[in-house]
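Student: Could you take me closely through one part of this model, namely its aromatic pairs, with the criteria stated as you go?

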Amino acid sequence: MRIALVTIEYVTEPNFAGGLSNYTHKVALGLKELGHTPEVFVYGKSSEVFEHAGIRIERCPPQHNLKIRLLDRLARRLLKNSKEPFVEALGYSWGAEKFLRRRHSSSPFDLIHYTHLNGSG
């Protein structure tokens with residue numbers, strides 16, 4: 001099976017904190033050992049594709065479309081200029097979705113696993 005793992009952090013990233021990134025890495029390695037083809041889509045500042053431990057990793061930058069900008073302005077106005085983390089998470093989620101759809105159209109996945117709430121599918 002071809003399995004996509006969408007995550008906010010991974011062991012290859014400078015922002016990895018431990019638990020979730022290690023979990024995702026171990027799951028990807030385990031799936032590979034069982035004969036599956038896992039691919040990891042991780043939130044990142046810039047777009048990049050590389051291989052780590054035989055697993056394809058794709059960094060997905062956030063999507064800053066009109067809807068995200070409007071939500072950000074609304075949240076800042078309502079919250080007295082404080083930054084709303086949900087709007088930022090939504091931008092990253094939509095960014096990952098864009099890269100995931102593009103990859104899926106050329107090489108379809110059997111299963112997509114979002115590893116965290118900020119990966120709102």
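**The aromatic pairs**

Tutor: Both Phe41 and Phe109 are buried, where buried stands for under 20% relative accessible area with a 1.4 Å probe and protein chains only. This is a predicted model, in which local features need pLDDT of at least 70 and side-chain atom pairs count only at pLDDT 80 or more, while totals for chains, interfaces and linings use all residues. Residues are numbered from 1 along each chain as its sequence is written, and side-chain values rest on heavy atoms, with hydrogens and water left out.

A search of the whole structure finds two aromatic pairs; rings of Phe, Tyr and Trp (its six-membered ring) pair if their centres lie within 6.5 Å, and planes under 30 degrees apart count as stacked, over 60 as edge-to-face and the rest as tilted. In one of these pairs, the ring centres of Phe41 and Phe109 are 5.9 Å apart and the planes stand at 80 degrees, so the arrangement is edge-to-face. This pair links distant parts of the chain, since Phe41 lies in strand β2 (residues 37-43) and Phe109 in the loop between α3 (85-106) and β5 (111-114), 68 residues apart; helices (H or I, at least four residues) and strands (E, at least two) are DSSP runs numbered from the N terminus.

For Tyr43 and Tyr92, the ring centres are 5.4 Å apart and the planes at 10 degrees, so the pair is stacked. Tyr43 belongs to strand β2 and Tyr92 to helix α3, 49 residues apart, and their pair links distant parts of the chain. Both Tyr43 and Tyr92 are buried.

Returning to Phe109, the charged end of Arg2 sits over its ring, 4.5 Å from the centre, the criterion being NZ of Lys or CZ of Arg within 6 Å of the ring centre and within 35 degrees of the ring normal.

Note on methods. Buried means under 20% relative accessible area, exposed over 50%, partly exposed in between (1.4 Å probe, protein chains only).
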